[in-house]
Amino acid sequence: VDNFKEDLNKTFPCRQSQINLLLSLFGQRHQYTYSSLFIYGHTGTGKTAVTTNILNHFKLPHVLVNCVECYSSRFLYEMILNSLHGNSVTESSDLVKCDNMNDFVRMFKQVSQEKRIDQETIYIVLDKAERLREMEMNILPAFLRLQELTQQNVCVILLSEIVWEKFRTGSGYCEPFVLHFSDYTNDQLIEIMMLDHPTEYDENFYRMYLNLVLSVFQMVCRNLKELHHLAKLNFQRYAEPVKTGEATAEDTRKLWKNIEPHLKKALQTVYLREVSSSQWEKMQQSIEAGQPQLYKSLYFLLSSGLSSRSHVELPYYSKFLLIAAYLASYNPAKTDKRFFAKHGGKTSRQSKLLKKHERASNHMLGPKPFALDRMMAIFYAVVEGRVAPTANIFMQISSLVSLNLLGHVASDDQIDSPKYKCLVSLDFIKSVSRTVNFENIKRQ
Amino acid sequence: MASSKLDIEKVKFLKSYQLGDELRLRFSQNAPSTSLHGYEKERGQLFDLIKRTASTGESNSVLVIGPRGSGKTMTLNSIYNELIEDDNVRENLLQVKLNGLLQTDDKIALKEITRQLQLENTLGDKVFGSFAETLQFLLDALKCGSQSSKPILFILEEFDMFAHHKNQTLLYNLFDIAQSDQAPICVVGVTCRLDVIELLEKRVKSRFSHRQVYFLNNYSYENFCDICMSYLKIESKPVRCDFIKEWNKQVEKLSKDGTVRDVLQQQFHFNKDIRALHHILMYVVCQLNETHPFPTPSDFVEAMKVTSTDSKSAMLHGISILELCLIIAMKHLTDIYDGEPFNFEMVYSEYAKFAQKRSSMQMYEKAVVLKAFEHLLALELVKSTDGSGTRIQKEYRLMSLLIHPSQITDALQKYPQCPTEVKQWASTSVI
């Protein structure tokens, strides 16, 4: 056991107390333990890895199920039973069939007796356990009580990111033992990421680099997986001056100057997945290959990113319909006359102030629903030339809805007086109005 | 010299007698029903009732009501075990155990009943026939019986779940049989809902005998301590063994220890229920090993710490500074607008006000902040108030904060290297 503990501590540094606690709770193979353990903590704190590693190493009879995969209870039962039974998925002839909890409990007893594991603790690990809340009412309480229901030595381990308080409903459960996997501190993060440092470079050199990465990203993100990925992605760029001989490994200031803008750029692009990691790598390689032309074009692509490529080609009238919808959504109905009627009343100084206030709050609170009639009226006011209200125009409205540019507000009578909401941002509507030479900001 | 002898004895003992096994079994859900405390009156009542069914063929129905972990099932088990010690009863009494968590509808429940009674339409553990057939068959079988036929003890756990079945067919039939001159049955419903009677339909309610037994945890703190220690003590068995004597002595010492009593008092104020106590004791027992053979007060303190940590504060400890800033902004918004829901745009402008004016921190662009916001949403620290409205952009979806202000201050104090300006901002909403 002690040997294994050392190994485990090496593979999972900074998880010592959790490992010790789990080992002590599990005890001997035949000993009883808590009927259910609930382990929670942030993503990438080693909940699944540590638990499954212990179970695997001691070859304890266990089943690992991800609740995302088991979207219906039937899959959940069958997966547990079949993997206990040792059935592989390919030989589908003698798979166990089970579709309710009653059969599950009965068959669980059978299978464990057949496999001669009924004298040992059987562990059922349910990953992403928050999904269990969305299944039938009886599943979660029954799993928490499985020891009593099966009259066997079972331990159900629930792993989740969500705290236990959010699982409680109704008349309560048989409470599990709640365990927390704490988050890593910055030093621990570096220690963990040092585990797979590139061998061709010095350890201290890489540690220095990780420090820099953390200093840029730690304010925004403390997720180990994300940080690890970003560190791997940008390391070549960091080591480049050393490779080309521009700087030595000790010249930290120069290296920092070189990498900092690069990392900040990464924060805005790769971290948000606006640029895929492979694109990012390609961009870095293009510099190394000495192709500034390619670099420039890629860089432009990257700086434009995904979000700014939001320009959509729409038909002429659709554009005006969208503009009209935007105006109707973000302006109160009482200002319509002033804005769109030919002889709009003059506004006093007071109401101008008021108007300014309104506009600010409107952009904060989001779009308001409006009736179809109002939108059509604004549409006729803003569009140039005569437009007949043909079936095409109304078709375009419904296709805007299906493109998710407009949203249908649920109301009772859909055909008589449908209500809509505009679901596009100000930037988008600006770019649309620019294409049709319409100044909508001023009009507001 | 003496101590080393004891040491050897200890190790030997731990290997042979397996004290840990027994204690762990005691605190598990499959605990033997002998370790029962209190409820002499209630147990007597139930015992009489079931015994009358078993011996004289009287039909009864009763509801056992009490909070979770108060020993309802354990009492019933111990009653059954005591009853079947009598040869007469063992041959006569049939027991059918149903659980609302397993038998989620009447169809499954009926199959389970026929399976447990091993009637003719079962083969092994398979049951044949449709729902209507099984019901008819079962009713006929019960009807043709008289007072002289074998009594059946029905135990319905999670009784309130059975009341949610369609038309309450099963409950109606069971209570009806208990009322009329058919085979003698005793229906025992076990539930933790005090208002369970109100869930029953009128016709079902009128057939129920309205006999209720309450299991309420009405013992004092002193009793609680005694119960706790009696769980740890090892009685009878081979007391001649030195180690057990030593063990009991240590437990006795523990029961007088101030720290342990403090822990127990705290637990008693939180929760009187015995199952929660088991959690603590199980933790203590799990810490035992060859080098640490006796429980110490520090084990109890540790167990209390593990079971009573505030999970939300623990999760707040792991989020990034940006996310913490957003939570503080949300807290201010909730304060200012008196609990009204807010959306991302409002939170962002609140954050922007802070980041531009007060702090030396870098101001992050909107998309990065939105990602942080969505992480909070995924952790369910923030919840959308209008259900899952896909109709509206995520920036404008109304949200409410699910963290208490005291949890935020608590988290800020424990947060590693929290910038001072963030702390100050948290305490005052004025920027």
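Buried means under 20% relative accessible area, exposed means over 50%, and partly exposed lies in between (1.4 Å probe, protein chains only). The structure is a predicted model, in which local features need pLDDT of at least 70, side-chain atom pairs count only at pLDDT 80 or more, and totals for chains, interfaces and linings use all residues. Residues are numbered from 1 along each chain as its sequence is written, chains are lettered from A and ligands numbered from 1 in the order in which they are written, and side-chain values use heavy atoms, with hydrogens and water left out.

**Backbone with positive phi**

- B:Glu380, although not a glycine, has a positive phi of about 60 degrees.
- The loop that holds B:Glu380 runs between α20 (366–378) and β8 (382–384) of chain B; helices (H or I, at least four residues) and strands (E, at least two) are DSSP runs, numbered from the N terminus.
- With a relative accessible area of 23%, B:Glu380 is partly exposed.
- A:Gln151 is likewise not a glycine, and its phi is positive at about 55 degrees.
- In chain A, A:Gln151 sits in the loop between α7 (146–150) and β4.
- A:Gln151 is exposed, its relative accessible area being 52%.

**Helix α3 of chain A**

- Helix α3 covers residues 47–57 of chain A, and its buried residues are A:Lys47, A:Val50, A:Thr51, A:Thr52, A:Ile54 and A:Leu55.
- These buried residues pack against helices α1 (2–11) and α2 (16–26) and against strands β1 (36–40), β2 (62–66), β3 (122–127) and β4 (154–160) of chain A, where contact means heavy atoms within 4.5 Å.

**Cysteines**

- Zero disulfides are found over all chains in a search of the whole structure, a disulfide being a pair of cysteine sulfur atoms within 2.5 Å.
- B:Cys286 is in no disulfide, and the nearest cysteine sulfur, that of A:Cys155, is 10 Å away.
- B:Cys286 counts as buried, at 4% relative accessibility.
- B:Cys186 is also buried, with a relative accessible area of 1%.

**Nonpolar surface patch in chain B**

- B:Leu194, B:Tyr214 and B:Leu216 make a nonpolar surface patch of about 290 Å².
- Patches are made of residues with over 30% relative accessible area and no salt bridge, like charges being joined within 9 Å and nonpolar side chains (Val, Leu, Ile, Met, Phe, Trp, Tyr) within 5 Å.
- A salt bridge is a side-chain nitrogen of Lys or Arg within 4 Å of a carboxyl oxygen of Asp or Glu.
- Within this patch, B:Leu216 lies in the loop between β7 (212–214) and α12 (221–232) of chain B, and at 41% relative accessibility B:Leu216 counts as partly exposed.

Definitions and conventions
Accessible areas come from the Shrake-Rupley method with a 1.4 Å probe; for residues, only the protein chains shown count as cover.
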